[in-house]
Amino acid sequence: MKAVVMAGGEGSRLRPLTIQRPKPMVPIAGKPVMEHILNLLKRHGITEVVVTVQYLASNIEDYFGNGSQFGMRITYSRENEPLGTAGSVKNAEDQLTEPFLVISGDALTDYDLTEVIKYHNEKKSLATLLLAHVHNPLEYGVIITNEDGHITQFLEKPSWGEVFSDTINTGIYVLDPKIFTYFEKNKQFDFSQELFPMMLKQGDPIYGYVAPKGYWCDVGNLSEYMRANAEALQGLVDIDIPAKNIGGNIWCEEGVEIASDAQLYGPIYLAHECKVKPGAIIHGPSTIGHYSIIDERAQVDRSIVWNNSYIGERSELRGAIVGSSTSVKGKAVMFEGSVIGDNSSIQEGAIIQPNVKIWPDKEIEAGAVINTSIIWGSQGRRSLFSRHGVTGLVNIDITPEFATRLGAAYGATLPRGSVVGLNRDDHRTSRMIKRGINAGLPSAGVDVNDINQVPLPVARYFIRNTDAVGGVHVRVSPYDPRAVDIKLFDQNGLDINKTTERKIENLFFREDYRRVYLDEIGAIEVLSNAEVTGRYLEGFNSIVDYEAVRKRKFQLVVDYAHSSTIQLLPQIFDKLGCEVIVLNTTADDLSTGPVDDEGRSMQRLAAVTSALNTDMGIRIDAGGERISLVDDRGRVLDGMKMLAVMASLYLRAHRGGTVAVPVTAPSALQHIAKRYDGYIQHTKVLSHALMTAASREGVVMVGDGRGGFVFPALQPAFDGMLAIAKLLELLSTFDMRLSEVVDDLPSYYMSTTHVTCPWEHKGKVMRILSEQYRERRAKPIDGIKIDLGSEWVLVLPDADNPLFHVVAESVSSEQAQALAEKYARVVTGLQQ
């Protein structure tokens with residue numbers, strides 16, 4: 001059998017290590033990672049290999065040649081431009097006339113390839129994928145198989161809510177050449193995203209082989225590279241180490257010199273003719289490259305030093321990586337996660353702080369303390385985006401410099417000369433961060449429409465109804481007044497999708513921005529509030545029946561929560577003929593409206609509403625997206641109760657319509673829909689999924705169960721101002737008080753709790769739950785929902801935090817609480 005070794009990877013997440021070498025050439029335990037792969041193939045009798053190359057292809061071709069020195073026959077297939085995983089293999093189609101194996105040249109593994117080939121032949125499969133269990137499946141393709149091993153579902157780089165298993169695609173395949181009939185040559189095509197789902201849809205025999213044992217590590221980022229090196233030295237992967245073990249798990253190649261009073265604590269790899277000087281201390285797992293020198297009394301702890309580098313007297317490396325031909329001079333210190341690129345010099349006494357990256361060919365002056373990456377940087381973040389956009393502590397995580405780089409990265413994903421709408425809330429923090437973004441976008445050749453500070457629904461509407469291709473909104477977080485959220489929108493005014501997020505992340509972390517020439521720098525146009533809000537009000541007025549509401553003469557208590565809706569809502573209420581008592585109207589640039597004040601605000605609102613005997617109390621959030629309600633009897637309605645109220649009224653007015661709600665919504669909504677010949681459509685809980693559902697045919701309203709409502713007649717985005725107007729309109733139309741609608745709702749009982757869970761166990765928990773409750777699982781939408789007849793429970797992994805949410809519904813409050821607690825214990829137990 002022949003093998004195709006895929007070696008075209010750029011390794012952008014491994015930068016600065018991969019600036020001057022392709023990812024497969026990064027060394028692990030004395031050899032490029034791809035050499036370990038070739039040795040594995042040879043061990044299983046595969047000696048004919050086609051290597052697909054693209055990025056810095058000559059580095060690979062020069063090192064491996066025709067393969068004769070490795071006892072193999074190697075040919076190369078070059079891509080002039082990236083063709084995707086399947087597209088690159090298609091280039092070598094004429095050499096692959098029989099079943100063949102595909103394996104990545106930049107992952108470290110020792111799987112039994114003979115067994116997976118045997119399995120492929122036994123199953124008479126067209127495609128067999130080698131699968132593995134991993135702690136964090138988010139960055140991989142999750143695969144679900146049935147008892148026979150037949151693949152039933154693919155999820156490419158899922159969100160946590162979609163992780164129904166921790167079984168992932170390792171990128172090792174056995175394929176029949178018939179697969180080439182599915183796609184054309186010289187066109188971009190991907191195995192996991194396109195070919196395999198297509199084969200699954202057509203019912204072709206496609207199987208997953210779960211390796212019973214073995215090691216696999218995708219050397220995809222710097223931390224995984226460190227881990228692969230460490231575990232190779234610890235013997236956790238079966239590879240050939242080209243050195244002699246001199247005892248104490250210390251591996252030495254020829255010509256190594258170790259001073260008699262040097263202290264070495266394995267596992268350590270010392271490459272050809274490296275030197276460890278007197279008094280030096282090396283703690284493993286550590287690797288020292290060819291001809292490198294660890295000078296007197298230097299300390300190297302859990303670090304990697306590449307070839308021809310110098311670690312000076314009394315210097316310290318703690319969990320760091322030093323590239324080739326680099327000098328770390330005396331008394332310099334490198335902390336955890338710091339990386340120095342090739343041909344750089346760190347002068348005496350300099351300190352490189354944790355997670356700082358220094359790109360190749362740089363010099364750090366003596367005594368300097370380096371807190372940020374030099375030239376091209378990378379932040380020490382798990383990822384750039386959270387569910388609320390780009391979020392972080394003000395002037396710590398999110399600084400003006402950070403904002404400028406984010407603006408440049410976002411702008412670089414857009415066409416030159418395109419327009420972006422830029423908006424913020426009233427807080428001075430948001431003004432500062434917005435100005436940073438306002439500097440970054442034009443540097444990439446993008447024009448800015450500065451729409452000042454309008455409510456979020458107004459900003460979304462403006463972007464959707466102009467020639468803007470995207471937008472940015474900066475706000476102080478409604479959940480933490482110390483933090484700021486930067487929300488990015490697409491041309492429809494909706495939150496950008498995951499694909500766009502990843503593009504921006506890649507550019508941001510590499511700082512590989514587009515910098516345009518001076519005559520292409522983007523223009524900044526500041527628009528008047530009247531122009532922006534006027535456009536929104538035109539659309540708003542066209543779908544609200546003001547006349548019906550005016551007849552009711554509502555008396556309301558409204559808490560503006562210091563929000564920018566004060567610009568619009570007073571005139572809307574005036575046009576609706578409402579008598580309004582207002583609270584918290586000042587737009588103070590230091591007021592934040594933190595979420596912990598919301599409870600007290602609602603109690604105060606309820607007291608005022610009840611004391612003044614008004615029709616209802618309303619609180620709108622700072623961004624103008626969500627509302628909270630108090631009915632005419634002084635009862636505070638929780639988010640799900642508000643959703644049930646609005647669904648009841650809206651379906652009564654739009655019989656046969658569909659209301660989209662999250663999977664956490666109670667079954668009472670199904671009963672409400674049945675009353676009015678309507679439908680309930682369940683979605684994922686994240687805002688982007690709910691807003692996307694608003695664009696589907698037949699959907700008349702969307703609610704998130706947290707006071708957010710979308711009315712597609714205006715736009716597919718949350719709008720608290722329109723929610724207020726529609727609620728008043730519907731109550732007027734049916735001549736009902738809010739309390740009457742609440743009393744008419746079907747009863748339901750829900751309970752919610754959460755369970756902490758380390759990131760590395762979340763995938764395992766989801767897989768076991770999915771397997772154990774396979775027969776009772778509801779249609780997979782978000783998390784694992786278990787249908788228990790008259791009750792249900794949902795186990796939902798949090799997207800941003802190491803925990804699970806457990807939501808339960810039952811026939812009584814006590815039983816719902818007991819059900820939630822029971823499954824919380826199950827989740828806890830599965831982590832063991």
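**Close-ups of a predicted chain**

**View 1. An open sheet of 7 strands, paired in parallel, runs in the order E16-E19-E22-E25-E28-E31-E34.** The edge spots go to strand E16 (257–258) and strand E34 (363–364); each has a single partner strand, so one side of each has no neighbour in the sheet. Strands here are DSSP runs of E with at least two residues, helices are runs of H or I with at least four, and both are numbered from the N terminus. Two strands pair if DSSP finds at least two bridges between them. As a reminder, strands of a sheet pair through backbone hydrogen bonds, either parallel or antiparallel.

A word on the source: this is a predicted model, where local features need pLDDT of at least 70 and side-chain atom pairs count only at pLDDT 80 or more, while totals for chains, interfaces and linings use all residues. Residues are numbered from 1 along each chain as its sequence is written, and side-chain values use heavy atoms, with hydrogens and water left out.

**View 2. Zooming in on strands E22 and E25, which run parallel.** E22 (residues 293–294) is joined to E25 (residues 310–311) by 2 bridges. Across from Ile 294 you'll find Ile 311 of E25.

**View 3. Helix H1 (residues 33–43) packs on helix H2 (residues 57–64) at about 50°, their axes 12 Å apart.** Axes are lines fitted to C-alpha atoms, for helices over the stretch in contact, and angles run from 0 to 180 degrees between N-to-C directions. That angle makes H1 oblique to H2 (under 35 degrees is roughly parallel, over 145 roughly antiparallel, 65 to 115 roughly perpendicular, and the rest oblique). Met 34, Glu 35 and Leu 38 of H1 meet Ile 60, Tyr 63 and Phe 64 of H2, where contact means heavy atoms within 4.5 Å. Sorted by class, the contact of H1 with H2 has 5 nonpolar residues, no polar and 1 charged (Ala, Val, Leu, Ile, Met, Phe, Trp, Tyr, Cys and Pro are nonpolar; Asp, Glu, Lys and Arg charged; the others, Gly among them, polar).

**View 4. Helix H20 (residues 759–772) meets helix H21 (residues 813–830) at about 120°, with axes 9 Å apart.** H20 and H21 are therefore oblique to each other. From H20 come Lys 764, Val 765, Ile 768, Leu 769 and Gln 772; from H21, Val 826, Val 827 and Leu 830. The tally for the contact of H20 with H21 is 6 nonpolar, 1 polar and 1 charged.
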